[in-house]
Amino acid sequence: MAIAELTLYQQAILLLAGLIALTSFLMLGQSRLVRLVSIFALQGCLLAAATALAATVLDYPHLYVSAALSFLLKGAVIPILLQRLIHRMGLHRVMDTIDHPARVMMAGSALVVFSYYVSLPVVRHSTLVTLNAIAVSLAVVLLGMLLMITRRQAVAHVVGFMSIENGLFFAAVVATYGMPMVVELGVAFDVLVAAVVFGVFFFQIRSSIDSLNVDQLSKLSEADQ
Amino acid sequence: MAWLLAILETLLFVGAAPLLAGWIKRVKCRLQNRKAPSVFQPYRDLLKLYRKQPIAPHPASWIFRAAPYIVFASTVLAAAIVPLVAVDLPTSRIADIIVLVGFFALGRTFQVLAGMDIGTAFGGMGSSREMTISSLAEPAMLMAVFTLTMSAHTTNLSQAMNYVLDTGLVLRPSFVFALGGLILVAIAETGRIPVDNPATHLELTMIHEAMILEYSGRWLALIEWASQIKLMLYGVLIANIFFPWGIAQDFSLTTLGYGMAMIALKLAVLALVLALSEALFAKMRIFRVQEYLGFAYLLSVLGMLSHIILETAR
């Protein structure tokens, strides 16, 4: 169905899908950790808005609960937790340099095309209007992985991981009207617990290698002596 | 009748460009707590320059003398293509958006050649910077334009505007991205902050000013006027492609008057946004400009991808 035939609400969902993909790209290009976490929070808020809109369009009240949950956790609690960690570890001025920004961006665009190609057969056999966004959600997952690959700071890895979860959640919303409530609650609290555990891990990594740069994990400590 | 209207519209375009420049300057002065000059000050400046005798440096060749006229003429022709008050004018029917990009390229080429012609260090530096920026900005602009043409199924500007008007309000992700990309390109191409500062003559940062440093008198007036028209061209492009509501679709007097009022309003608002962003942001280092334009290109590519992924029927 062409976009002009959809209602404004459905168009708004597709627009939000586009913006979510944009935030993924922004994260890919952002070298400051504090801003990276802020963009992640923005992505969480956009995701919550898209979910709430889907709840309105599809008339699925239980999606409102997931929208509220994802706004609270991904838009507020986890970003605040991560910001606090960054400030406590004194990482708020650290630049996580990206080696070849242009190449990373090109790889990101290629991933979007790839996920479109992969999801094409799925979309063709369905009549669901929001299903066009499934390629975008797959792209968000892959872009999160790319973010984890291209970075050295452990905090950036955590943000990439969380954004993968965002992509999965978005896929569930646009493809199957959201997961069952039990699963959704479980995943949400898993993510929250993961954020806390990662926080503990940061301190562990830092106390053993004196840095959060994971490149140094490949060095043997005996080799220095 | 239609041709007469097209000529009148072009004259209005060319005549109103300094007014827009004056308005931007005025808003910017207000934002910076300075006393603002009159909005008609650019006209007075142009008149003063026009009355002065132009002086060509000794090593200057014919390129230096011809460049102001070519730059001005190509900009005026570009202004004739872009629908300002009414769509479906004969001038916009004979040329499409790729011709428009071509006119921009023609004017820029001669300006760059003129900058290098006299052989001063500043001219060459400005020219090389201008070419660097435009070689990065042009793909982004073309990509944004292609996103638009894929939705409208035409490269003709007035047909595209008619298409947007006919479909009514549709929230297209691709248009949002293309709008963002086009705004970034427009800022880079018209030499505004954060890419270039139009109000300074500081040697290390200037781009546009460095190229025209040797011009004086009416040649300088023509180049300044052309750059004001170019700024307005980008403003009208953005306003009329993405928000075409109010533009006249027939040639009756009331719709034309309404169209004129609407485009004036849209341009005033756009100028307000531009002045606000110029007051908020600082100029970038020249080596950051490629990151900035890379982002513009990314936005345009995302626009095209989101058109294919999210908007087409299958």
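How many residues does the contact take from chain A and from chain B? It takes 26 from chain A and 19 from chain B, where two residues count as in contact if their C-beta atoms, placed from the backbone, lie within 7 Å. On the chain A side, helices H1 (8–29), H4 (101–124) and H5 (134–150) each supply at least two of the residues that touch chain B. H1(A) gives the most, with 10 residues. Sorted by type, the chain A side holds 21 nonpolar residues, 4 polar and 1 charged. Here Ala, Val, Leu, Ile, Met, Phe, Trp, Tyr, Cys and Pro count as nonpolar, Asp, Glu, Lys and Arg as charged, and the others, Gly among them, as polar.

A word on the model itself. It is predicted: local features need pLDDT of at least 70 and side-chain atom pairs count only at pLDDT 80 or more, while totals for chains, interfaces and linings use all residues. Residues are numbered from 1 along each chain as its sequence is written, with chains lettered from A and ligands numbered from 1 in the order in which they are written.

Chain B is built from 12 helices and 0 strands, taken as DSSP runs numbered from the N terminus (helices: H or I, at least four residues; strands: E, at least two). Its C-alpha trace spans about 60 × 45 × 45 Å along the principal axes. Of its 314 residues, 48% are buried, that is, with 20 or more other C-beta atoms within 10 Å of their own, the C-beta atoms being placed from the backbone. Among contacts in chain B between residues at least 6 apart in sequence, 80% join residues at least 24 apart.

H1(B) opens the chain B helices, covering residues 2–31; its 30 residues reach 42 Å from first C-alpha to last, close to the 44 Å expected at 1.5 Å times one less than the number of residues. A kink of about 35° lies at Ala16(B), shortly before Pro18(B); the bend is the angle between axes fitted to the seven residues ending there and the seven starting there. Just after H1(B), Asn33(B) takes a positive phi of about 60°.

Then there is the core. The largest nonpolar core has 162 residues, a core being a set of buried Ala, Val, Leu, Ile, Met, Phe, Trp, Tyr and Cys residues joined through C-beta atoms within 7 Å. Helix H10 of chain B (residues 217–242) gives the most to this core, with 16 residues. Ile20(A) and Ala50(A) have the most contacts inside it. Leaving aside neighbours within four places in sequence, Ile20(A) is in contact with residues including Ala50(A), Val136(A) and Phe170(A).

How values were computed. Buried ≥ 20, exposed ≤ 12 C-beta atoms within 10 Å, placed from the backbone.
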